[in-house]
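Got your viewer open and a hand on the selection tool? Let's take a short walk, one stop at a time.

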Amino acid sequence: MLLTISTTASPATDLGFLLHKHPDRVQEFGQSFGTATVFYPEAGEDRCTVALLLEVDPVALVRSRGRNSPDFSLSQYVNDRPYAASSLLAVALADVFRTARAGRCKARPDLPGTALPLEIRIPALPCRGGPGLARELFEPLGWQVEAEAVLLDGAFPEWGDSRYVSLTLRGTLRLADALNHLYVLLPVLDDGKHYWVAPDEVDKLIRAGEGWLAAHPARGLITRRYLGRRWALARTALARLAELGDETEERLEPAVDEEAAPDETAATEAASVAASAEAEQEAEPGSAPPEDKPRPLNTLRREAVLATLEELGATSVIDLGCGQGELVGALLARPRFARVAGADVSSLALTIAARKLRLERMPDAKRARLTLFQGALTYTDRRFTGYDAAVLMEVVEHVDPPRLAALERVVFGHAKPQHVIVTTPNVEYNVRYEFLTGLRHNDHRFEWTRAEFQEWANRVAASYGYQVIFRPIGEEDAEIGSPTQMGVFSRD
Ligand code: SAH
């Protein structure tokens, strides 16, 4: 199976830098299911083409599958996998062009951000849904699509079309975006031939779809097919896309266990969950020509918390359950916050936070303002003390209700900062996510109505000597309130 990427950028050989593969060499990369070879059929100043050739070893393919994989029959050995640009090609592409897909290029840091005139050709692409679907998926992303059905047998045209399409994409795009489009959409067109679907596929999909999937008109179909019709996974992914709008990013909430789709109807409903992404968005107040992108809820949340902290005059802040450190980064960017801390129970979250904050390369003055540590909010910890304000942004709903009293004691009774800001979803607003069944994230142990949140917050405030006021975050509906609710606690 073959895929070629050509560019007419000048000089066209920049493609070699971007892909981290020298145009003069033929390089082989072993995969668990075969061998991927990268070479350049042409490498001139005016036009340069890279080819990715994947030779699948059907025996290796069968051996590399899990013991519980279904259908251990001859059809596993005799199938189209060696010839058709299937999901396996996407896996190989992701592996071989990993750095390019991440948009990194040490030698030429300016290159990944530049859109290049690209032409991508895939001569035999299994495409359930035919050429029309290929257009439907690639055109909204800025590609000019040429998709032709391949005849079942050229000698017998009356037999009609095969399920393969010869695809050419042309467009001026960033190479990293092009690779991410292919990584997600090849298996989606292939459909139902997944060899690697695991719970972390949700994370991979959200990451590869960053900046384009949340706003794609066919995101429901893409998500469902990409995840091999595992309904529970698709639902998680779509709820996360809806939360993130098109500022998609890695999140840590663990994906749920796989469940087979109960039926196709249920699965198609998933599409509508994503459709409610817009419902969750609100344009920036007093601005916004219509083509402006709506602002994702997590951005609104972060801004509301920052504004409140400034209003309260806090200069030292601890973010409890800091996740991947987005708020911590925003706090550090504002010099008024002289001391900033982030704590989380998840060491993985902290590792990602350290990477995203570029802790290694942080200038000393900034680094000196920051403390990042692992800790559980249900255990008294001296390191939580000594800050003007503590933030619990989208954290309480991750704590099992029987453990909540411990968290209250730790935060309000022991750490007892002057101010505590708590944000949490308003479950009443979930009716806006038309087909969302259950909670917004699989790791949520509960979601509160406004009355439930206020009752909890008033009780906690009264027990520990705080006053609390409530503020909406995001679009506020007269009947169902806002998507996120915030309680701002201040010590008496
Ligand atoms: N505040 C971040 C992350 C929210 S996700 C944001 O708004 O983006 C919830 C976070 O709470 C996760 O990172 C999870 O690891 C953390 N968390 C859950 N229970 C916790 C506990 N008992 N102690 C500390 N952190 C906890």
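**Stop one: a pair of helices**

Helices here are DSSP runs of H or I with at least four residues, strands are runs of E with at least two, and both are numbered from the N terminus. Before going further, note that this is a predicted model, where local features need pLDDT of at least 70, side-chain atom pairs count only at pLDDT 80 or more, and totals for chains, interfaces and linings use all residues. Residues are numbered from 1 along each chain as its sequence is written, and side-chain values use heavy atoms, with hydrogens and water left out.

Select residues 87-96 for α3 and 175-190 for α6: their axes come within 8 Å and cross at roughly 160°. Axes are lines fitted to C-alpha atoms, for helices over the stretch in contact, with angles from 0 to 180 degrees between N-to-C directions. The two helices are therefore roughly antiparallel (over 145 degrees; under 35 is roughly parallel, 65 to 115 roughly perpendicular, the rest oblique).

**Stop two: the ligand**

Now select the ligand. Which residues come nearest? Of the 15 around it, Gly321, Asp344, Val345, Leu377 and Met393 do (near means a heavy atom within 4 Å).

Zoom in on the polar contacts (pairs of N or O atoms within 3.5 Å):

- Gly321: a backbone N or O atom sits 2.7 Å from a ligand nitrogen.
- Asp344: a polar side-chain atom is 2.6 Å from a ligand oxygen.
- Met393: a backbone N or O atom lies 2.8 Å from a ligand nitrogen.

On its own the ligand has 570 Å² of accessible area, and the protein covers 87% of that (Shrake-Rupley method, 1.4 Å probe).

**Stop three: two loops**

Go to the loop between β1 (2-7) and α1 (14-19), where you'll find Pro11. A cis peptide bond joins Ser10 to Pro11, with omega about -5°.

Finally, pick His20, in the loop between α1 and β2 (27-31). Its phi is near 60°, a positive value in a residue other than glycine.

Note on methods:
Polar contact = N/O pair within 3.5 Å; in protein donor to acceptor, adjacent residues only side chain to side chain.
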